[in-house]
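Keep the structure open as you read.

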Amino acid sequence: MKKYDVVIVGAGPGGLRCAEVLSESGKSVLLLEKNSEIGPKVCAGGITRKCFEFLGKPNDIIGRSFDDIIFKKFGAQTRLDSGEKFVHTVKRDVLGKWQLKRLQGSSVEVRTGVEVKKISDECIITGENERIEYEYLVGADGSSSIVRKYLGLKTIFIGLAFHYIIPANKRFENIEIFFDSKLFYSWYSWIFPHDDYVSVGFGCFPKTMTVKKAKKNLDDWLEKMKIDVAEGEFEAHMINCDYRGFHFGNVFLIGDAAGFASGFTGEGIYQALVSGDDVARIILDKKHKPRLIKEILLERRIHHAMLLVVMISGIFRDTIFSLIMWSTKNKYVARFLLSVLT
Ligand SMILES: Cc1cc2nc3c(=O)[nH]c(=O)nc-3n(C[C@H](O)[C@H](O)[C@H](O)COP(=O)(O)OP(=O)(O)OC[C@H]3O[C@@H](n4cnc5c(N)ncnc54)[C@H](O)[C@@H]3O)c2cc1C
């Protein structure tokens, strides 16, 4: 049986970042990805200011950059303006390939098309029945994580997000967030333009709105907005927001596997990257203080408090959305929203 110091399950942004930090050490690292290609993932591909900075401002992989976000309701709209580019869109396959390239020439062994099927206290077993021993195991395997299941963690607070990928269209030149409490309850629909396509989508918590209803509401909204998705491709995926810890002896969880994604904004790429980074540093130095994980946990608490207020506000929800929209006209509120949301 082959043995590695660290086995990372899943080569999304979290697993790739974890591998990159470990690649600078002398440890033997195996990164396993079940898909044959690294990168593609159902995702709107929006990255915020802090994520862009964390990645080292890689302008060459960015599709579009925006200095404002338009908040809309039927019959009204406001603009959250930062005066500088603070939200960007990136194609997930481009981001994945860019991260993978940073591992080239390092000692990290990357294997694609290998699915981890079973886990025991000493080893993982692949779909090909290969047993691989580990000293440390990192679950970077997204919202249906097998590593999380092995740890016996419950997953209740989980969302489902779906979108249509439609051809680029001059009508969609801005990032748009659309509120409507009847159609989208506590969430919103989005329009995220990339250079050659647009992601138009919506997310829900299946515990509060059935998936069937959520899909129907999105389709009703698209019809009202006269957004033609006939040429579009429909995709859906879970987003795990149910954080229950990340460090379990010699086993770690990062990104969506840990439930780090925000239940309020659906953002999860940044959380995956920084949790992957901190976990790698803990593996290298037990005394490392996971400052970035602490920060995302604090931000997550603020997001979830905001989500709770919107969720329990019932008939006042539309008023709250209106307040959020109009308060962006105040520069102090706008600054607060920008710091908390991006
Ligand atoms: C519709 C939609 C829109 C979204 N839009 C945004 C957005 O605009 N901005 C944003 O920040 N976030 C967005 N998210 C969330 C974001 O996609 C995730 O939070 C992010 O991808 C999490 O990264 P990760 O590395 O933790 O996991 P993932 O990106 O899910 O990567 C996990 C990897 O593990 C692999 N894997 C899984 N199981 C196994 C196994 N058993 N063996 C081997 N490999 C395995 C998978 O194939 C995958 O490659 C969106 C999500 C959805 C569904």
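This is a predicted model. Start with two helices, H1 (residues 13–23) and H3 (residues 92–101). Their axes lie 9 Å apart, and the packing angle is about 15°. Angles under 35 degrees count as roughly parallel, so H1 and H3 are roughly parallel to each other. The crossing of H1 past H3 is left-handed. On the H1 side, the contact is made by Pro 13, Leu 16, Arg 17 and Glu 20. On the H3 side, Leu 95, Gly 96, Gln 99 and Leu 100 make it. Sorted by class, this contact of H1 with H3 holds 4 nonpolar, 2 polar and 2 charged residues.

Now turn to H1 and helix H8 (269–284). The axes of H1 and H8 come within 7 Å. They cross at roughly 30°, which makes H1 roughly parallel to H8. Here H1 passes H8 in a right-handed crossing. H1 brings Pro 13, Gly 14, Gly 15, Arg 17, Cys 18, Val 21 and Leu 22 to this contact. From H8, the residues they meet include Ile 269, Ala 272, Leu 273, Ser 275 and Gly 276. Asp 277, Val 279, Ala 280, Arg 281 and Ile 283 of H8 also take part. The contact of H1 with H8 divides into 10 nonpolar, 4 polar and 3 charged residues.

Next, the ligand. Which residues come nearest to the ligand? Of the 39 residues around the ligand, they are Gly 10, Gly 12, Gly 142, Gly 255 and Gly 268. H1 and H8 are among the elements that give two or more residues to the shell. Helix H7 (255–258) is another. Strands E2 (29–33), E12 (158–167) and E16 (233–240) complete that list. By class, the shell has 18 nonpolar, 14 polar and 7 charged residues.

E12 and E16 lead on to a sheet. This open sheet has 7 strands, in the order E6-E5-E13-E14-E15-E12-E16. The pairing is mixed. Its edge strands are E6 (76–81) and E16, and each pairs on one side only. From one strand to the next, the twist averages 20°. Look at E12 and its neighbour E15 (residues 197–204): 8 bridges join them, and the two strands run antiparallel. Leu 160 has Cys 204 in E15 as its bridge partner. Helix H10 (residues 317–327) packs on this sheet. H10 touches E5 (68–73) and E6. The direction of H10 makes about 145° with that of E5.

One more sheet remains. It is open and has 3 strands, ordered E3-E7-E4. Its pairing is antiparallel. At the edges are E3 (46–48) and E4 (64–66), each pairing on one side only. Neighbouring strands of this sheet are turned by 25° against each other on average, with direction ignored. How many bridges join E4 to E7 (residues 87–89)? There are 3, and the two strands run antiparallel.

How values were computed: Residues numbered from 1 in each chain as written. Predicted model: local features only at pLDDT ≥ 70, side-chain atom pairs only at ≥ 80, totals over all residues. Axes fitted to C-alpha atoms, helices over the stretch in contact; angles between N-to-C directions. Helix = DSSP H or I, 4+ residues; strand = E, 2+ residues; numbered from the N terminus. Parallel < 35°, antiparallel > 145°, perpendicular 65-115°, else oblique. Left-handed = near helix turned anticlockwise from the far one by under 90°. Contact = placed C-beta atoms within 7 Å. Nonpolar A, V, L, I, M, F, W, Y, C, P; charged D, E, K, R; others polar. Near = placed C-beta within 6 Å. Pairing = 2+ DSSP bridges.
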